[in-house]
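The entry is shown below.

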Amino acid sequence: MSDPNPIDCDEALRLLAAFLDHELHLDEREGVERHLQVCRSCFSRAEFERRLKGEITRLRSEEVSPGFEERVRRLLGSFSPA
Amino acid sequence: MDETTADHAWFERAVLGLLPELLGTARRLTGNAQDAEDLAAEAITQAWLHRSSLRERERFPAWLHRILTNLFLSRRRAQASRPEETCLDDEAEFSLFERLHQPFLLWWGSAEQTFLDRLLRDDLIRAIEGLPDPFRIVVVLADVQGLSYGDIARSLEVPIGTVRSRLARGRALLQKALWDHACDAGLRTRTPDVRPEHA
(Lines give C-alpha, C1' and ligand atoms only; values in the text may rest on other atoms or scores of the structure.)
Protein backbone atom coordinates (compact mmCIF):
# COMPACT_ATOMS: atom_id res chain seq x y z
CA MET A 1 0.00 0.00 0.00
CA SER A 2 1.40 3.43 -0.93
CA ASP A 3 2.08 6.07 1.74
CA PRO A 4 -0.87 8.55 1.74
CA ASN A 5 1.24 11.44 3.09
CA PRO A 6 4.88 10.81 2.21
CA ILE A 7 7.51 13.23 3.51
CA ASP A 8 10.51 14.24 1.41
CA CYS A 9 14.21 14.19 2.31
CA ASP A 10 14.29 17.80 3.52
CA GLU A 11 11.44 17.16 5.93
CA ALA A 12 12.92 13.84 7.09
CA LEU A 13 16.28 15.47 7.83
CA ARG A 14 14.58 18.38 9.60
CA LEU A 15 12.87 15.91 11.92
CA LEU A 16 15.77 13.46 12.23
CA ALA A 17 17.34 14.73 15.47
CA ALA A 18 14.00 14.78 17.30
CA PHE A 19 13.24 11.34 15.82
CA LEU A 20 16.46 9.87 17.22
CA ASP A 21 15.83 11.63 20.55
CA HIS A 22 12.32 10.07 20.75
CA GLU A 23 10.77 13.54 20.81
CA LEU A 24 8.34 13.27 17.86
CA HIS A 25 4.61 12.78 17.99
CA LEU A 26 3.36 9.44 16.67
CA ASP A 27 2.30 10.73 13.22
CA GLU A 28 5.63 12.49 12.63
CA ARG A 29 7.58 9.48 13.87
CA GLU A 30 5.72 7.15 11.56
CA GLY A 31 6.29 9.55 8.65
CA VAL A 32 10.04 9.53 9.25
CA GLU A 33 10.08 5.75 9.68
CA ARG A 34 8.28 5.26 6.36
CA HIS A 35 10.69 7.64 4.63
CA LEU A 36 13.73 5.83 6.04
CA GLN A 37 12.36 2.56 4.69
CA VAL A 38 12.44 3.87 1.11
CA CYS A 39 15.34 6.37 1.09
CA ARG A 40 18.79 4.81 1.31
CA SER A 41 20.60 8.14 1.71
CA CYS A 42 18.48 9.32 4.64
CA PHE A 43 18.61 5.84 6.17
CA SER A 44 22.43 5.97 6.05
CA ARG A 45 22.37 9.44 7.61
CA ALA A 46 20.07 8.24 10.38
CA GLU A 47 22.27 5.23 11.13
CA PHE A 48 25.35 7.46 11.26
CA GLU A 49 23.72 9.94 13.65
CA ARG A 50 22.36 7.10 15.79
CA ARG A 51 25.80 5.51 16.10
CA LEU A 52 27.50 8.80 16.91
CA LYS A 53 24.90 9.50 19.59
CA GLY A 54 25.58 6.03 21.01
CA GLU A 55 29.32 6.73 21.15
CA ILE A 56 28.61 9.94 23.12
CA THR A 57 26.30 8.07 25.50
CA ARG A 58 29.16 5.66 26.27
CA LEU A 59 31.14 8.59 27.69
CA ARG A 60 28.78 8.49 30.66
CA SER A 61 31.12 6.16 32.49
CA GLU A 62 34.54 7.31 33.68
CA GLU A 63 37.34 5.31 35.27
CA VAL A 64 37.48 6.10 38.99
CA SER A 65 40.98 6.66 40.34
CA PRO A 66 41.92 4.85 43.57
CA GLY A 67 42.44 8.26 45.19
CA PHE A 68 38.91 9.44 44.42
CA GLU A 69 37.36 6.14 45.46
CA GLU A 70 39.18 6.40 48.78
CA ARG A 71 37.94 9.99 49.17
CA VAL A 72 34.35 8.86 48.57
CA ARG A 73 34.69 5.93 50.98
CA ARG A 74 35.93 8.31 53.68
CA LEU A 75 33.08 10.70 52.90
CA LEU A 76 30.52 7.89 53.16
CA GLY A 77 32.12 6.73 56.39
CA SER A 78 31.66 10.20 57.86
CA PHE A 79 27.89 10.10 57.36
CA SER A 80 26.08 9.24 60.57
CA PRO A 81 23.44 6.50 60.09
CA ALA A 82 21.26 8.12 62.76
CA MET B 1 21.81 -4.72 61.93
CA ASP B 2 19.21 -2.05 62.78
CA GLU B 3 17.23 -0.14 60.16
CA THR B 4 19.36 3.03 60.12
CA THR B 5 22.58 1.05 59.82
CA ALA B 6 21.04 -0.98 56.99
CA ASP B 7 20.03 2.29 55.25
CA HIS B 8 23.56 3.58 55.53
CA ALA B 9 25.00 0.34 54.17
CA TRP B 10 22.51 0.42 51.26
CA PHE B 11 23.36 4.07 50.47
CA GLU B 12 27.08 3.30 50.50
CA ARG B 13 26.70 0.33 48.15
CA ALA B 14 24.44 2.28 45.81
CA VAL B 15 26.82 5.24 45.60
CA LEU B 16 29.93 3.12 45.04
CA GLY B 17 28.11 1.18 42.31
CA LEU B 18 27.18 4.39 40.53
CA LEU B 19 30.52 6.12 40.97
CA PRO B 20 31.87 5.59 37.39
CA GLU B 21 28.64 6.99 35.88
CA LEU B 22 28.40 9.83 38.35
CA LEU B 23 32.01 10.84 37.77
CA GLY B 24 31.62 10.50 33.99
CA THR B 25 28.62 12.82 33.92
CA ALA B 26 30.39 15.29 36.22
CA ARG B 27 33.49 15.18 34.04
CA ARG B 28 31.52 15.85 30.84
CA LEU B 29 29.65 18.73 32.50
CA THR B 30 32.62 20.46 34.14
CA GLY B 31 35.27 19.63 31.56
CA ASN B 32 38.02 18.90 34.07
CA ALA B 33 38.92 16.17 36.53
CA GLN B 34 39.32 18.22 39.72
CA ASP B 35 36.00 20.06 39.40
CA ALA B 36 34.29 16.80 38.44
CA GLU B 37 35.48 15.04 41.60
CA ASP B 38 34.43 17.97 43.79
CA LEU B 39 31.01 18.10 42.12
CA ALA B 40 30.46 14.34 42.50
CA ALA B 41 31.48 14.46 46.18
CA GLU B 42 29.11 17.35 46.87
CA ALA B 43 26.27 15.57 45.06
CA ILE B 44 26.83 12.48 47.24
CA THR B 45 26.74 14.64 50.38
CA GLN B 46 23.53 16.38 49.28
CA ALA B 47 21.96 13.02 48.42
CA TRP B 48 22.72 11.72 51.91
CA LEU B 49 21.32 14.84 53.57
CA HIS B 50 18.10 14.69 51.52
CA ARG B 51 17.73 10.90 51.32
CA SER B 52 14.33 11.04 53.00
CA SER B 53 12.91 12.67 49.84
CA LEU B 54 13.77 9.58 47.77
CA ARG B 55 10.58 7.52 47.77
CA GLU B 56 11.63 4.58 45.59
CA ARG B 57 15.14 3.17 45.79
CA GLU B 58 15.06 1.98 42.18
CA ARG B 59 14.94 5.66 41.18
CA PHE B 60 18.18 6.37 43.04
CA PRO B 61 20.44 6.57 39.92
CA ALA B 62 18.25 9.18 38.18
CA TRP B 63 17.71 11.04 41.47
CA LEU B 64 21.44 11.25 42.22
CA HIS B 65 22.23 12.39 38.67
CA ARG B 66 19.56 15.08 38.96
CA ILE B 67 21.12 16.34 42.19
CA LEU B 68 24.52 16.46 40.50
CA THR B 69 23.16 18.31 37.46
CA ASN B 70 21.26 20.83 39.61
CA LEU B 71 24.35 21.49 41.72
CA PHE B 72 26.42 22.09 38.60
CA LEU B 73 23.82 24.44 37.13
CA SER B 74 23.34 26.42 40.33
CA ARG B 75 27.11 26.88 40.67
CA ARG B 76 27.28 27.99 37.09
CA ARG B 77 24.43 30.48 37.52
CA ALA B 78 26.28 31.94 40.47
CA GLN B 79 29.39 32.40 38.36
CA ALA B 80 27.74 33.93 35.29
CA SER B 81 24.46 35.78 35.34
CA ARG B 82 23.74 35.06 31.69
CA PRO B 83 25.06 32.25 29.47
CA GLU B 84 27.13 33.51 26.62
CA GLU B 85 25.75 32.87 23.15
CA THR B 86 28.25 32.18 20.44
CA CYS B 87 27.74 33.21 16.85
CA LEU B 88 28.02 30.04 14.81
CA ASP B 89 26.47 31.01 11.51
CA ASP B 90 29.04 29.09 9.46
CA GLU B 91 28.96 26.00 11.63
CA ALA B 92 25.34 25.86 12.76
CA GLU B 93 24.43 23.30 10.12
CA PHE B 94 27.69 21.41 9.78
CA SER B 95 27.15 17.73 9.08
CA LEU B 96 29.94 15.21 9.44
CA PHE B 97 27.86 12.72 7.47
CA GLU B 98 27.66 15.05 4.50
CA ARG B 99 31.44 15.45 4.48
CA LEU B 100 32.05 11.73 4.63
CA HIS B 101 29.20 10.24 2.65
CA GLN B 102 30.00 8.96 -0.85
CA PRO B 103 26.81 7.76 -2.54
CA PHE B 104 28.65 5.85 -5.25
CA LEU B 105 30.27 3.66 -2.57
CA LEU B 106 26.99 2.65 -0.99
CA TRP B 107 27.11 -0.92 -2.20
CA TRP B 108 30.58 -1.87 -1.05
CA GLY B 109 31.41 0.11 2.02
CA SER B 110 30.75 3.35 3.77
CA ALA B 111 33.27 6.03 4.67
CA GLU B 112 31.12 7.34 7.51
CA GLN B 113 30.91 3.96 9.24
CA THR B 114 34.67 3.52 8.87
CA PHE B 115 35.14 6.96 10.41
CA LEU B 116 33.07 5.95 13.44
CA ASP B 117 34.98 2.67 13.71
CA ARG B 118 38.20 4.67 14.02
CA LEU B 119 36.82 7.33 16.31
CA LEU B 120 38.64 7.25 19.63
CA ARG B 121 37.05 7.93 22.98
CA ASP B 122 39.66 10.62 23.64
CA ASP B 123 38.83 12.37 20.35
CA LEU B 124 35.18 12.52 21.32
CA ILE B 125 35.94 13.72 24.86
CA ARG B 126 38.23 16.44 23.52
CA ALA B 127 35.55 17.57 21.06
CA ILE B 128 32.86 17.74 23.77
CA GLU B 129 35.10 19.54 26.24
CA GLY B 130 35.91 22.09 23.54
CA LEU B 131 32.26 23.10 23.10
CA PRO B 132 31.18 26.46 24.50
CA ASP B 133 29.35 26.00 27.83
CA PRO B 134 25.71 26.49 26.72
CA PHE B 135 26.10 23.91 23.95
CA ARG B 136 28.21 21.40 25.90
CA ILE B 137 25.72 21.33 28.75
CA VAL B 138 22.74 20.63 26.49
CA VAL B 139 24.62 17.94 24.55
CA VAL B 140 25.69 16.26 27.81
CA LEU B 141 22.19 16.39 29.28
CA ALA B 142 20.61 15.00 26.09
CA ASP B 143 23.18 12.52 24.82
CA VAL B 144 25.17 11.49 27.90
CA GLN B 145 22.38 11.60 30.48
CA GLY B 146 19.54 10.88 28.06
CA LEU B 147 17.20 13.57 29.43
CA SER B 148 14.13 14.63 27.43
CA TYR B 149 13.93 18.11 25.89
CA GLY B 150 11.32 19.00 28.49
CA ASP B 151 13.50 17.93 31.41
CA ILE B 152 16.46 19.85 29.99
CA ALA B 153 14.32 22.97 29.54
CA ARG B 154 13.14 22.76 33.16
CA SER B 155 16.67 22.16 34.47
CA LEU B 156 18.12 25.09 32.53
CA GLU B 157 15.05 27.31 32.97
CA VAL B 158 14.88 28.07 29.25
CA PRO B 159 12.15 27.53 26.62
CA ILE B 160 12.10 24.15 24.89
CA GLY B 161 12.86 25.88 21.57
CA THR B 162 16.14 27.09 23.06
CA VAL B 163 16.99 23.51 24.01
CA ARG B 164 16.33 22.38 20.43
CA SER B 165 18.45 25.14 18.89
CA ARG B 166 21.34 24.74 21.34
CA LEU B 167 21.30 20.99 20.83
CA ALA B 168 21.37 21.36 17.03
CA ARG B 169 24.21 23.87 17.21
CA GLY B 170 26.10 21.89 19.83
CA ARG B 171 25.93 18.71 17.77
CA ALA B 172 26.98 20.58 14.62
CA LEU B 173 29.94 22.11 16.47
CA LEU B 174 30.88 18.72 17.85
CA GLN B 175 30.85 17.18 14.38
CA LYS B 176 32.88 20.09 13.02
CA ALA B 177 35.49 19.55 15.74
CA LEU B 178 35.68 15.83 14.93
CA TRP B 179 36.04 16.63 11.24
CA ASP B 180 38.80 19.18 11.88
CA HIS B 181 40.59 16.67 14.09
CA ALA B 182 40.37 14.01 11.38
CA CYS B 183 41.76 16.46 8.81
CA ASP B 184 44.56 17.62 11.13
CA ALA B 185 45.47 14.01 11.85
CA GLY B 186 45.61 13.29 8.11
CA LEU B 187 42.72 10.83 8.30
CA ARG B 188 40.61 12.88 5.90
CA THR B 189 41.18 15.49 3.21
CA ARG B 190 39.29 18.74 3.44
CA THR B 191 36.76 18.95 0.61
CA PRO B 192 34.36 21.67 -0.52
CA ASP B 193 30.98 21.68 1.22
CA VAL B 194 29.01 19.55 -1.22
CA ARG B 195 25.80 17.96 0.02
CA PRO B 196 24.92 14.48 -1.21
CA GLU B 197 21.97 14.00 -3.48
CA HIS B 198 19.04 12.29 -1.94
CA ALA B 199 17.00 9.53 -3.45
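## Helix α8 of chain B

In this predicted model, Tyr149(B), Ile152(B) and Leu156(B) are the buried residues named in α8(B). They lie on the same side of α8(B), because the arc that they cover around the axis is only 65°. After α8(B) comes Glu157(B), which has a positive phi, near 60°.

Ser155(B) also belongs to helix α8, which spans residues 149-156 of chain B. Is Ser155(B) buried, partly exposed or exposed? A residue counts as buried if 20 or more other C-beta atoms lie within 10 Å of its own, and as exposed if 12 or fewer do. Ser155(B) has 19 other C-beta atoms within 10 Å, and is therefore partly exposed. Apart from residues up to four places away in sequence, Ser155(B) touches Thr69(B), Asn70(B), Leu73(B) and Leu141(B). In sequence, Ser155(B) and Thr69(B) are 86 residues apart, yet their C-alpha atoms are 8.1 Å apart in space.

Helix α2 of chain B comprises residues 33-49, 17 residues in total. From its first C-alpha to its last, α2 of chain B reaches 25 Å, close to the 24 Å expected at 1.5 Å a residue. Buried positions in α2(B) are Ala36(B), Glu37(B), Leu39(B), Ala40(B), Ala43(B), Ile44(B) and Ala47(B). Because they cover an arc of only 165° around the axis, they are on the same side of α2(B). Gln34(B) and Leu49(B) are exposed, and are carried on the face of α2(B) turned away from its buried side. The partners against which the buried residues of α2(B) pack come from both chains: α4 of chain A, and α1 (3-30) and α3 (60-79) of chain B.

The loop between α2 and α3 of chain B contains His50(B). Since 11 other C-beta atoms lie within 10 Å of His50(B), this residue is exposed. His50(B) is 118 residues from Ala168(B) in sequence, and the two are 35 Å apart in space, C-alpha to C-alpha.

## Nonpolar cores

The largest nonpolar core has 47 residues. Those with the most contacts inside this core are Ala40(B), Ala43(B), Leu68(B), Val138(B) and Val139(B). Both domain 1 (3-79) and domain 2 (96-184) of chain B contribute at least three residues each to this core. Which residues are in contact with Ala40(B), leaving aside its neighbours within four places in sequence? They are Leu22(B), Leu23(B), Ala26(B) and Leu68(B).

A second, separate core has seven residues, among them Phe19(A), Val32(A), Cys39(A) and Cys42(A).

## Overall organisation of chain B

Chain B has nine helices and zero strands. Of its 199 residues, 32% are buried. Among contacts in chain B between residues at least 6 apart in sequence, 68% join residues at least 24 apart.

The domain assignment divides chain B into domain 1 (3-79) and domain 2 (96-184). Their C-alpha centres lie 26 Å apart. Where the two domains of chain B are in contact, eight residues of domain 1 meet nine residues of domain 2. On the side of domain 1 of chain B that touches domain 2 of chain B, α1 and α3 of chain B each supply at least two residues. α3(B) gives the most to this side, with four residues. By class, this side of domain 1 of chain B has two nonpolar, five polar and one charged residues.

Notes: Residues numbered from 1 in each chain as written. Chains lettered and ligands numbered in written order. Predicted model: local features only at pLDDT ≥ 70, side-chain atom pairs only at ≥ 80, totals over all residues. Expected span 1.5 Å × (residues − 1). Arc of directions from axis to C-beta. Contact = placed C-beta atoms within 7 Å. Domains from an automatic or database assignment. Nonpolar A, V, L, I, M, F, W, Y, C, P; charged D, E, K, R; others polar. Core = buried A, V, L, I, M, F, W, Y, C linked by C-beta atoms within 7 Å.
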